[in-house]
Structures are given as C-alpha cells and as structure tokens.
Amino acid sequence: MNKYIEDNRGRFLDELLDLLRIPSVSADSKFKGDMLKAAEYVRDSISKAGADTAEIYETAGHPVVYGEKIIDPDLPTVLIYGHYDVQPADPYELWNSPPFEPVIKNERIYARGSCDDKGQFYMHIKALETMLATDSLACNVKIMIEGEEEIGSSNLGTFVSENKEMLKCDTILISDTSIIANDVPSIETGLRGLTYVEVEVVGANRDLHSGVYGGGVANPINVLCEMIASLKDENGHITIPGFYNNVEELTTKQRDALNAAPFDLEEYKKDLHINDVLGEKGYTTIERTSVRPTLDVNGIWGGYIGEGAKTVLPSKANAKISMRLVPNQNDDAICALFSKHFESIAPASVKVKVTPHHGGLPYVTPTDSLEYKAAEMAMEESFGIKPIPTRGGGSIPIVALFEQELGRKSILMGFGLDIDALHSPNESYGLFNYYKGIETIPLFFKHYAALRLAKS
Ligand code: BES
Ligand code: MN
Ligand code: MN
C-alpha cells in the first residue's frame with residue numbers, strides 16, 4: 001500500500017495543485033463559474049479514483065459533489081465529507097505569492113484552500129484510489145464534497161434531509177480540523193457552534209456637521225461602540241441575559257484532561273507577537289478557545305474613512321458580530337437572546353436593527369465508540385504515537401446536522417496545523433501532512449472494518 005503512494009507521490013501532488021488553481025470562493029458571486037469548475041474537477045477525480053458513481057447535484061446555492069463505491073452491502077459504510085469552497089483570499093497584497101498560483105516552499109504548499117479544505121479532502125480521494133488500486137478497500141465508501149461550508153452550509157442541510165437514503169452510512173469521516181503538532185497527533189472530539197449577526201445603529205436621517213450638531217445628537221458610531229463594549233464585563237463574561245443558561249460546565253476531571261494536552265503559552269504568544277493573552281477570567285487559553293463560548297466583532301464600519309479629516313456626525317454605524325457556542329447552546333435561541341438584548345440596550349436617540357446571518361450547532365463525540373477507536377488506531381499506526389483527544393474551537397455546521405438527520409456521529413480526523421494560517425493570507429499545508437493523511441485514511445478503513453467484524 002505505501003509503495004503505491006510512494007510510486008504516485010508526484011502525481012498526487014500535481015493533481016492537488018491543479019485543484020488549488022481554481023479560485024472556488026463561495027462567498028463572492030464573481031467566482032460562480034469557478035465553483036462549478038471545481039465541482040467538475042472533484043467529480044472527475046472521484047470517478048478516476050475508481051468509484052462506481054460520481055455526480056454533481058444542483059442545489060439552491062453551489063453544487064454538491066457525491067459519489068460512492070459499494071463493494072459489499074454487508075460491510076460497514078463510511079461517508080466522507082469535505083468542502084471544495086474556500087474563503088476569500090483578501091487582502092491579496094499580504095500574500096507572498098498569488099493565492100491561486102500554488103507554490104511549494106519549505107516543504108509546504110502555499111495557496112488558498114491548501115489546508116482548508118482542498119488539501120484535506122483530496123487526501124481521501126487519493127486514499128480511495130490507493131485502496132482500490134491495491135485491492136485493499138475494507139468498507140463501502142460514500143463521498144460528499146460540498147461548496148458552501150465557508151458560508152454556513154445552509155443548502156447542504158436541505159440536500160442531506162432530502163437524500164437520507166442515499167447518504168445512509170455507519171459513520172462519517174472528515175478531515176477539516178487540526179492536530180497539535182506533527183509529532184503530537186490528536187483527534188478533535190468537539191466543534192463549537194456559531195451564530196452570526198449584523199447590526200445597524202441609525203441616528204439622524206443624514207450625516208450632520210459635527211460642530212453644528214455635535215454634542216446634541218447621538219453619534220451612532222459612539223453609541224455602537226458603547227453598546228458593544230457593554231456586551232462583556234470586566235471578567236470577560238458575556239452580559240447578555242440567559243447567554244450561559246445551557247452552557248455545559250466541565251467537571252474538574254474533564255478540565256484537567258483538556259489542560260494536560262501539550263501547550264506552551266510562551267510559544268503561543270511568541271507566534272502571534274503578543275505580550276499577553278486576553279480572555280474569560282478563570283479559564284485557561286485552551287479552555288477559552290474550545291469549551292467556552294465567545295462574542296467577537298468581526299468587522300465594524302461607518303463615518304468618514306477617506307484621506308484627511310472630515311468633521312461629520314455619521315448617520316449610521318454597522319458591525320458584524322459572531323458568537324461561538326458550546327454544548328448545549330442553541331444557535332437560534334442565542335441569536336434571539338442577542339437581538340432582544342441588543343435592542344433593549346439601545347438609547348432612545350438611535351434605532352437599531354439586527355439581521356441574523358448563518359449559524360450552526362456545537363458538536364461533541366464520545367471517545368469510546370468503534371469509529372473513534374478506529375481513528376485512534378489508524379493514527380497510532382501511521383504516526384507511531386497514540387493521538388490525544390482535544391476539543392476544537394472552529395465550527396463545521398453540517399456535523400451536528402448529520403447527527404440529527406442521519407443519526408450518525410462524525411469523526412474529525414484532520415491533519416492541519418495552527419501554523420497553516422487558515423482563512424489568512426499565505427495559507428499553507430505541509431507536504432508531510434498531505435502524505436501522512438493519505439497513508440492514515442486507509443488504516444482507518446482497515447481498523448473500522450475489523451472492529452465492526454469483531455463486535456458482530
Ligand atoms: N475547517 C474549518 C473549521 C475548523 C478549522 C475546525 C480548524 C477546527 C480547526 C471550517 O472550514 C471553517 O472555517 N468553518 C467556519 C464555519 C462558518 C463559516 C460557518 C468557521 O469556523 O468559522
Ligand atoms: Mn474547512
Ligand atoms: Mn474554513
């Protein structure tokens with residue numbers, strides 16, 4: 001098996017580079033044509049890997065690619081999920097090489113989507129090819145690669161609900177998360193949920209002379225800043241009434257286990273060029289970025305930002321605010337609590353409007369399931385070290401929905417690193433990680449099939 005990967009090393013990389021050259025940015029309609037091109041590329045790859053079927057399915061948004069290889073209905077079936085859409089590459093001027101012209105430097109692939117998630121889902125297609133070429137596929141495989149993960153996966157939800165029979169499986173395997181380090185493998189056992197809103201604060205019906213009206217009429221930017229500042233207290237606790245009502249508090253044992261994972265605060269600060277960290281009082285950085293909910297402003301705008309100075313009281317101000325959620329918070333409920341609170345703290349001198357964007361539920365998976373064990377054994381075999389269970393801070397909205405609609409747990413066997421700079425300029429993915437993934441995935445199938453057989 002490893003010989004096949006070794007013999008095809010160069011081609012496996014070249015094919016990924018071709019996929020990375022397609023600017024499949026889901027958020028920006030000017031890339032709509034490229035989204036279809038990327039979907040076609042993925043469909044053809046699944047087909048060439050040896051699947052029985054591989055097709056593009058239209059949705060109300062960007063298409064879904066789905067294919068399968070059913071070798072024996074009595075064997076367990078694994079559904080692979082990934083996303084071919086990527087985040088916008090802006091700001092382009094901060095890239096050292098163009099985001100959609102991949103280059104290899106220092107044993108890393110630099111391109112938008114190299115890790116998130118093209119590099120990671122493409123490992124599954126190459127692993128499938130390898131297993132079929134070496135006659136070692138141990139499970140049935142279904143593979144679904146979507147084009148709207150980075151914009152909330154709302155159309156995929158409908159697709160999943162409408163195609164439950166086609167997607168029926170025993171477990172779901174996803175590579176769209178990170179490990180602690182190349183010599184410290186780990187498996188994420190949780191994801192945070194998300195609720196994302198946009199707010200608008202409006203004062204007077206027009207921009208005003210800040211000398212003639214200043215001091216007497218509300219400045220929406222000042223008001224918005226005060227409102228946002230009040231959303232957290234001096235301990236970094238979120239002040240929205242009811243926000244923490246359903247938050248799962250970890251036991252001391254669970255917290256100790258989380259904090260036992262290797263983590264060097266000094267290294268963390270050094271990497272980010274910061275003198276100190278900042279977060280909720282009473283929790284460690286690991287906890288703050290995984291099992292605690294957050295509230296962050298992602299963007300804020302209003303007033304004059306051109307060259308020089310303009311004396312003006314702007315008529316409105318806006319912000320985009322996200323909240324990361326943890327078990328058992330519900331994204332719709334939190335969104336409603338936010339809206340109600342935000343409207344209630346607005347002074348009478350302004351009007352506010354809250355517009356919800358996308359959301360998603362948090363997710364956790366147990367570590368005593370057969371599928372978790374199979375992933376653990378696969379990584380232990382390929383890395384030579386047993387992986388540590390961690391809790392992830394990011395979100396993959398469809399994962400909780402898979403559980404609701406298909407009644408199946410997902411295994412987050414990702415191979416990225418924090419230094420991959422997901423969503424940032426100069427995103428990259430290590431060649432080590434790409435090939436390690438291709439090597440590890442067949443081991444998951446092998447161990448999962450064996451564990452299932454031993455149990456039956
Ligand atoms: N792959 C990431 C999520 C991720 C990254 C999880 C690293 C764990 C470790 C995914 O593509 C992502 O960016 N999700 C968005 C979701 C949103 C746009 C609905 C996120 O977390 O911001
Ligand atoms: Mn991703
Ligand atoms: Mn992403």
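In which kind of crossing, left-handed or right-handed, does H4 pass H14? The legends below take up this point and then move to other close-up views of the model, which is a predicted one.

**View 1. Helix H4 packs against helix H14.** Helix H4, formed by residues 118-133, and helix H14, formed by residues 431-455, pack with their axes 8 Å apart and at an angle of about 55°. Because of that angle, H4 is oblique to H14. The crossing in which H4 passes H14 is right-handed. On the H4 side the contact is made by Gly119, Tyr122, Met123, His124, Lys126, Ala127, Thr130 and Met131, while H14 brings Asn433, Tyr434, Gly437, Ile438, Ile441, Pro442 and Phe445. Sorted by class, the residues in this contact of H4 with H14 are nine nonpolar, five polar and one charged.

**View 2. Helix H2 packs against helix H14.** Here helix H2, residues 9-20, packs with H14 at an angle of about 110°, and the two axes lie 12 Å apart. H2 is therefore roughly perpendicular to H14. The residues of H2 that meet H14 are Arg9, Gly10, Phe12, Leu13 and Leu16, and their counterparts in H14 are Leu431, Tyr434, Tyr435 and Ile438. By class, seven nonpolar, one polar and one charged residues take part in the contact of H2 with H14.

**View 3. Residues surround ligand 1.** Ligand 1 is surrounded by 16 residues, of which the closest are Glu149, Asp176, Arg324, Ser395 and His423. For Ser395, a polar backbone atom lies 2.8 Å from a nitrogen atom of the ligand. Oxygen atoms of ligand 1 also take part in such pairs: one is 3.0 Å from a polar side-chain atom of Asp116, and an oxygen atom of the ligand is 3.2 Å from an N or O atom in the side chain of His83.

**View 4. A cis peptide bond joins Asp116 and Asp117.** Asp116, which has a polar side-chain atom 3.0 Å from an oxygen atom of ligand 1, is joined to Asp117 by a cis peptide bond with omega about -5°. Asp117 itself is found in the loop between strand E5, residues 108-110, and H4.

**View 5. Backbone features mark two further loops.** The peptide bond from Asp90 to Pro91 is cis, with omega near -10°, and Pro91 lies in the loop that runs between strand E3, residues 77-83, and strand E4, residues 103-105. Asn106, a residue other than glycine, has a positive phi, near 50°, and its place is in the loop between E4 and E5.

Note on methods. Residues are numbered from 1 along each chain as its sequence is written. Chains are lettered from A and ligands numbered from 1 in the order in which they are written. This is a predicted model: local features need pLDDT of at least 70, side-chain atom pairs count only at pLDDT 80 or more; totals for chains, interfaces and linings use all residues. Side-chain values use heavy atoms; hydrogens and water are left out. Axes are lines fitted to C-alpha atoms, for helices over the stretch in contact, and angles run from 0 to 180 degrees between N-to-C directions. Helices (H or I, at least four residues) and strands (E, at least two) are DSSP runs, numbered from the N terminus. Angles under 35 degrees count as roughly parallel, over 145 as roughly antiparallel, 65 to 115 as roughly perpendicular and the rest as oblique. A crossing is left-handed if the near helix is turned anticlockwise from the far one by less than a right angle, and right-handed if clockwise. Contact means heavy atoms within 4.5 Å. Ala, Val, Leu, Ile, Met, Phe, Trp, Tyr, Cys and Pro count as nonpolar, Asp, Glu, Lys and Arg as charged, and the others, Gly among them, as polar. A residue is near a molecule or strand if one of its heavy atoms lies within 4 Å of it. A polar contact is a pair of N or O atoms within 3.5 Å; within protein, one must be able to donate a hydrogen and the other to accept it, and residues adjacent in sequence count only if both atoms are side-chain atoms.
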